[in-house]
Amino acid sequence: MLSPIQVLCSDITTLSLEPEPFASYTEADIISTVEFNHTGELLATGDKGGRVVIFQREPESKTEPFSQGEYNVYSTFQSHEPEFDYLKSLEIEEKINKIRWLPQQNAAHFLLSTNDKTIKLWKVSERDKRPEGYNLKDEEGRIKDISTVTSLQVPVLKPMDLMVEVSPRRVFANAHTYHVNSISVNSDYETYMSADDLRINLWHLDITDRSFNIVDIKPANMEDLTEVITAAEFHPHHCNLFVYSSSKGTLRLCDMREAALCDKHSKLFEEPEDPSARSFFSEIISSVSDVKFSHSGRYLLTRDYLTAKVWDLNMESKPLETYQVHDYLRSKLCSLYENDCIFDKFECAWNGSDSVIMTGAYNNFFRMFDRNTKRDVTLEASRESSKPRAVLKPRRVCAAGGKRRKDDISVDSLDFTKKILHTAWHPNENIIAIAATNNLYIFQDKLNSEMH
């Protein structure tokens with residue numbers, strides 16, 4: 001079985017670090033996105049209240065060898081506020097849909113955050129010195145009367161307590177009619193794209209008043225609409241390539257060198273449907289909720305409602321690998337449809353070497369699949385398993401009426417209000433971040449660089 005993962009830092013809420021076992025929370029506290037930066041030293045979360053919380057990894061301590069890997073709050077700021085579109089009588093939520101870090105170019109960090117309509121570029125910087133001794137200002141910053149200045153002094157920088165400053169640098173607005181579901185920074189580090197249900201726009205990071213529409217699937221008559229865009233991402237190495245997924249379960253790889261408007265895809269990845277398995281829910285559960293390029297750029301990882309799939313860019317006819325995330329829910333699709341859970345959008349993630357994939361499930365469970373050994377494990381993000389240096393025990397769900405072993409959980413006992421939708425994997429190490437409602441769990445495998 002896969003090696004257990006140790007808990008180094010757990011139960012971090014977006015608002016506080018309170019240890020109460022059943023602390024109350026509001027809808028605004030629910031985490032809606034999780035993202036490591038390119039080095040893994042910073043981790044950002046966004047919530048439904050429009051807030052962004054940044055965690056910083058602690059350096060290794062000689063006196064406390066287990067402290068390395070712990071993430072503590074670095075900065076918190078309000079990214080988006082609720083708005084109202086008076087022309088359309090539409091309320092625009094402040095919920096953060098996605099966060100994407102830009103590669104670090106200097107001492108400061110930059111990240112993009114978006115709600116349904118507006119994308120913002122933020123600068124995160126540190127200040128530990130303050131200037132003193134201005135000639136034309138007094139100690140409180142007020143401008144002096146020039147006639148009272150009788151001598152000149154050289155301003156000096158004096159140490160001060162470290163202060164993290166977060167400032168908005170760009171606001172990219174008014175380019176999306178529908179809800180933004182994805183943003184992706186290009187490998188040229190100059191452009192990024194944003195996708196909504198029907199269109200994908202290409203932006204330059206320095207230009208806020210215009211963008212280029214590179215995909216438009218809106219039909220002339222909206223009654224002819226058969227699918228929507230669900231996710232989009234740039235290739236990690238080739239700045240001209242990007243992929244987007246649809247509610248029909250298809251993936252389209254596009255090349256911006258072929259045409260300014262990528263209406264015609266370069267490759268179409270689609271798995272033929274098994275007619276014998278077709279049901280009323282087939283179209284709903286086949287919708288792709290997330291797509292991620294592997295770090296190598298050779299593979300695509302997708303997540304639909306019941307499965308995670310790995311696609312080879314050189315093979316369009318079918319996925320290279322298919323992993324059943326929670327196949328025991330097939331018998332529950334009717335009730336999941338009635339309570340709207342069937343429309344939940346689960347995300348997926350690669351580990352640093354592309355050998356293991358991870359995605360979430362219900363009951364605060366998350367799943368890992370080893371691509372080399374074909375082994376899999378179900379783990380739980382819970383307060384009970386979140387004590388420092390505790391070891392996560394594999395969990396097992398048995399189908400209704402099936403034989404149960406000790407510690408097995410019946411599918412009828414699953415809590416569908418507890419769901420792991422958002423996950424992230426450290427780019428280089430076996431550290432994962434799991435968003436469970438308003439709690440952020442960070443787990444690390446200290447013993448193994450690879451899962452085996």
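Let's start with Phe343, which sits in the loop between helix 2 (333–338) and strand 24 (348–350). In this predicted model, Phe343 has a relative accessible area of 41%, so it counts as partly exposed. Together with Phe280 and Tyr337, Phe343 makes a nonpolar surface patch of about 330 Å².

## The protein as a whole

Stepping back, the protein has 452 residues, and 50% of them are buried. Its secondary structure consists of two helices and 32 strands. The accessible surface is about 22,800 Å², with carbon and sulfur atoms contributing 50% of that area.

Sequence distance is also worth a look. Taking contacts between residues at least 6 apart in sequence, 54% join residues at least 24 apart.

Strand 31 covers residues 431–436, and six of its six residues are buried, so the strand is largely enclosed by the rest of the structure. In a regular strand, side chains alternate between the two faces of the sheet. Here both faces are covered: Ile431, Ala433 and Ala435 are buried on one side, and Ile432, Ile434 and Ala436 are buried on the other.

Strand 31 has a partner in strand 30 (residues 422–425), running antiparallel to it and joined by four bridges. The link between strand 30 and strand 31 is a hairpin of five residues. Strand 31 also pairs with strand 32 (residues 439–444), again in the antiparallel sense, over six bridges. That hairpin has two residues between the strands, and Thr437 in the turn has a positive phi of about 55°.

## Thr230, a buried polar residue

Thr230 belongs to strand 16 (residues 229–234). With a relative accessibility of 12%, it falls under the 20% cut-off and therefore counts as buried. Its side chain makes a polar contact of 2.7 Å with the side chain of Ser245, and it also reaches the backbone oxygen of Val288 at 2.6 Å.

Leaving aside residues up to four places away in sequence, Thr230 touches Asn181, Ser182, Ser245, Ser246, Ser247, Ser287, Val288 and Ser289.

## Leu379, another buried residue

Leu379 is in strand 27 (residues 376–380) and is buried, with a relative accessible area of 2%. Leu379 and Phe365 are 14 residues apart in sequence, yet their C-alpha atoms are 5.5 Å apart in space.

## Salt bridges

Side chains of opposite charge can pair when their charged atoms come close. The structure holds 27 salt bridges. One of them joins Asp206 and Arg170, with the closest N and O atoms 3.1 Å apart. Asp206 lies in the loop between strand 14 (199–204) and strand 15 (212–216), while Arg170 is in strand 11 (residues 156–172), so this pair ties together parts that are 36 residues apart in sequence. Asp206 is exposed at 52% relative accessibility, whereas Arg170 is partly exposed at 25%.

Arg278 and Glu273 also meet in a salt bridge, at 3.0 Å from N to O. Arg278 is partly exposed with a relative accessible area of 45%, and Glu273 is partly exposed with 46%. Arg210 and Asp209 form another bridge, at 3.5 Å from N to O. In that pair, Arg210 counts as partly exposed at 49% and Asp209 as exposed at 64%. Finally, Asp29, Asp47 and Arg51 are linked in a network of salt bridges.

Methods:
Residues numbered from 1 in each chain as written. Predicted model: local features only at pLDDT ≥ 70, side-chain atom pairs only at ≥ 80, totals over all residues. Heavy atoms only, no water. Buried < 20%, exposed > 50% of the residue type's maximum accessible area, 1.4 Å probe, protein only. Polar contact = N/O pair within 3.5 Å; in protein donor to acceptor, adjacent residues only side chain to side chain. Contact = heavy atoms within 4.5 Å. Areas by Shrake-Rupley, 256 points an atom, 1.4 Å probe, with all protein chains shown as cover. Patch = residues over 30% accessible without salt bridge, like charges linked within 9 Å, V, L, I, M, F, W, Y side chains within 5 Å. Salt bridge = Lys/Arg side-chain N within 4 Å of Asp/Glu carboxyl O. Pairing = 2+ DSSP bridges.
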